[in-house]
Amino acid sequence: MKFKAYSSALLALCFILVMTACSSNSGPTQGTNGSDGSKGNEKVTLKMWYWNGAISDSTIEAAKAKFPNITLQAEKLPSGDDYLTKLRTTLAGGGTGPDIVAMDAWISSMITYKDKFVNLYDQGAHDIESKYLDWKWKMATDAENKYLIGLPIDVAPVVLYYRTDLFQQAGVPSTPEAIRNEVKTYEDYLSLLKKVNEATGTKTGTIADVFGFLLGQSPEKFFDKDGNYIGDQAAVKKAWDGAVKAFQEGLTFQTSNDTEKNAAINGGKISSFAGASWVVGDLTSAAPDTKGKWGIAYPPGGPGNQGGSFFGALKSTKYPKEAYEVIQFLTSPENLLTAYKEFGNYPSTPEIYDNPEMENKNDFFGGQDLSVVYGEAAKDVIIAPTNPQDDMVANSLIDSLKEVDGVKKDPEQAWKEAQAKIKRQLSR
Amino acid sequence: MGALLKEIYKSRTSYLFISPFYILFLVFGLFPLFFSMYLAVHSWDGIGEMKYVGVGNFIYMFNDPTFWQALVNNVALWLMGNVPMLICALVIAFFINHTLVRFKGFFRIAFFLPNITAMVAVVIIFQSLFGNEYGLINFFLVKLGMEKIAWLNSSTGVRTAIASMITWRYLGYNAIIYLSGLQRIPKDLYEAAELDGATTFQTFTKITLPMLRSIILFTVMMSTIGGFQIFTEPQVLAGNSQMPYPGSDTVVLYMFREGFNYQHYGYAASVSWILFVIIGILSIVNWKFFNKSED
């Protein structure tokens, strides 16, 4: 009998362990959940999701020091699609997820589900609106600008990365100022590329890179404000034709993967390409042999934006006020400056662009101060209306465009096929 | 019914002991299974409301040229990757098992090793082998005075790359299975054949193959199931790339993209059910084909 009681107890223990294993992380928060956090000295626990590079670790430590009554549990998750999928499933599951979440440029696709997020306007976000770049701020608001689901962290303005030595060799404008003044449009850039190509045999990025660059400059993309599909009209077709033209003139470099791309850049086959501010890290590690030969300039035809993140709070949080305070602190200009100095995330607060601490002279770029060009580009970004279907449309178009280069498909035929595919997808 | 419950109650301790598996199976196995059936007839973006669409998902699928292309790619990859691989595996197993070969243990391990390497790493290495501009294979082709081949620009080239990954990875695994089957065949059959003056080829076709029928059925079925669910290789090779990689889009990749990139979860569920039916039919065909004379 004694044995039976013992084994039952053991079993019950096993059972409990198995059950709790399914709901990990619920433990630490339970202590505070019971008390509603209304008592003055009660410690509030906030769980935060972010990915490596979204925010600096020292800023998180600073936040912990600044809010002694808040236990900030910062969880670093894998970045990219995995992160988005995890956030989506959490929203779908409806259970208790994190309180604070980092969001990437796809934040606009979350506007549709804005009721899953805390409206930061209710928490007083209007007071700090003027500190941030207007276009960046608007990415996280609904169409009526009544609902704000995230505060901006960084922006990723697109600029022109170019090889100063190759440009000089070809006798084309080769200083940032000269490029800004003399290479104003995409057509100017094409003819410059042609001269550089004739003199040195070098090219720009892939046909898809050029398409993305041109599309980023456009005030209109695939859908209008009301969600009508306009991806088959002038704005997108112009970007498509521009990319095709660069390909037809033999100015695009075909690479099949990042390894090949890096080899091409390091081997001096690429004279220039348009890339976001975060390209610096990749370029520096990909092309050590070309150190000191690069420069950046204001992009011909205007800048775009590729990436840059936000912090928002989920509606399921018990402490929206505290969450907002933490977010506001994390995205304050001073902390964004720290992140920029640590790993080059360009801040979304223009007030600090002229701050002497922003100076970022880089040996890889021959000692050029990168902040100047980023700042100029960041202020001029135009953002086209976004739509949850943007990814699908962009993928379909880029897949077809890659076929133009990869398997030499007729550009008009590829355009028609892509449009047919998109319309099929949109029809359901 | 009451008696059954009473019986269960009587041996409740035992049921409690086996319950962890069943609870986990219920949560992570059975529930998703039935939920995906439910999903397959709905349209759902993962967060918003579910909408009942009946067979709408299936109609859309059968009219989608991309789906059919993915299926064609799948069949091509399966034929190019698995058929030669299984034949080679059988031949390798036959030779390892041969009395003349020494260091059997070494060969067993050497052939099995690829199977335990990380798949993503393998794909990345093969990607650099087959690279268009800076690939190792093209490097040697040029050294030998031949033209570079743009492997990743044509569907044949891409399929060759993926098929060679499959072959490289599963050759040893299947060879080991064949080897265990070969060792089950009684030695006296071979001795008798030797006395009758049979050649190696004759022993292979008249003794080895017939005796291995059930093992062959197992490997063919497993590689059909695996081959139609191929995902990592094309995903890592072509996912997020700067090139079209023609011929690399498989049904699972198509399903994954529809579900997790475009948020058509209901549609993705119906694609997975069609894939289930296809694999089921192929398994039955395999069964009939290899098992016909064994009763």
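Reply: In this predicted model, three strands of chain A form an open sheet in the order 7-6-8, and their pairing is antiparallel. Strand 7 (272–276) and strand 8 (294–297) of chain A are the edge strands, each pairing on one side only. On average, neighbouring strands of this sheet are turned by 30 degrees against each other, direction ignored. Between strand 6 (residues 158–163) of chain A and strand 8 of chain A, the antiparallel pairing runs over 4 bridges. Within strand 8 of chain A, A:Ile296 is the residue that stands opposite A:Tyr161.

Domain 1 comprises 44–155 + 308–352, and domain 2 comprises 158–306 + 376–426. The C-alpha centres of the two domains of chain A are 30 Å apart. Where they touch, 13 residues of domain 1 of chain A are in contact with 13 residues of domain 2 of chain A. The domain 1 side of that contact has 7 nonpolar, 5 polar and 1 charged residues.

A:Lys131 lies in the loop between strand 3 (100–103) and helix 5 (134–138) of chain A. A:Lys131 counts as partly exposed because it has 17 C-beta neighbours inside 10 Å, whereas a buried residue would need 20 or more. Although A:Lys131 and A:Pro350 are 219 residues apart along the chain, their C-alpha atoms are separated by 7.1 Å. Neighbours within four places in sequence being set aside, A:Lys131 is in contact with A:Pro333, A:Thr349 and A:Glu351.

As a whole, chain A contains 17 helices and 12 strands. The C-alpha trace of chain A spans about 90 × 50 × 50 Å along its principal axes. Of its 428 residues, 43% count as buried. Among contacts in chain A with a separation of 6 or more, 78% are between residues 24 or more positions apart.

The confidence of the prediction should be read alongside this description. The average pLDDT of chain A is 87, and 90% of the residues score at least 70. Over residues 22–39 of chain A, however, pLDDT stays under 50, and the model has 13 contacts beyond four places in sequence for that stretch.

Helix 4 (residues 65–97) of chain B and helix 13 of chain B pack at an angle of about 145 degrees, and their axes are 8 Å apart. From helix 4 of chain B, the residues B:Thr66, B:Phe67, B:Ala70, B:Leu71 and B:Asn74 meet B:Val251, B:Leu253 and B:Tyr254 of helix 13. This contact has 6 nonpolar, 2 polar and no charged residues.

Technical notes:
Residues numbered from 1 in each chain as written. Chains lettered and ligands numbered in written order. Predicted model: local features only at pLDDT ≥ 70, side-chain atom pairs only at ≥ 80, totals over all residues. Domains from an automatic or database assignment. Contact = placed C-beta atoms within 7 Å. Nonpolar A, V, L, I, M, F, W, Y, C, P; charged D, E, K, R; others polar. pLDDT = per-residue confidence, 0-100. Pairing = 2+ DSSP bridges. Helix = DSSP H or I, 4+ residues; strand = E, 2+ residues; numbered from the N terminus. Axes fitted to C-alpha atoms, helices over the stretch in contact; angles between N-to-C directions. Buried ≥ 20, exposed ≤ 12 C-beta atoms within 10 Å, placed from the backbone.
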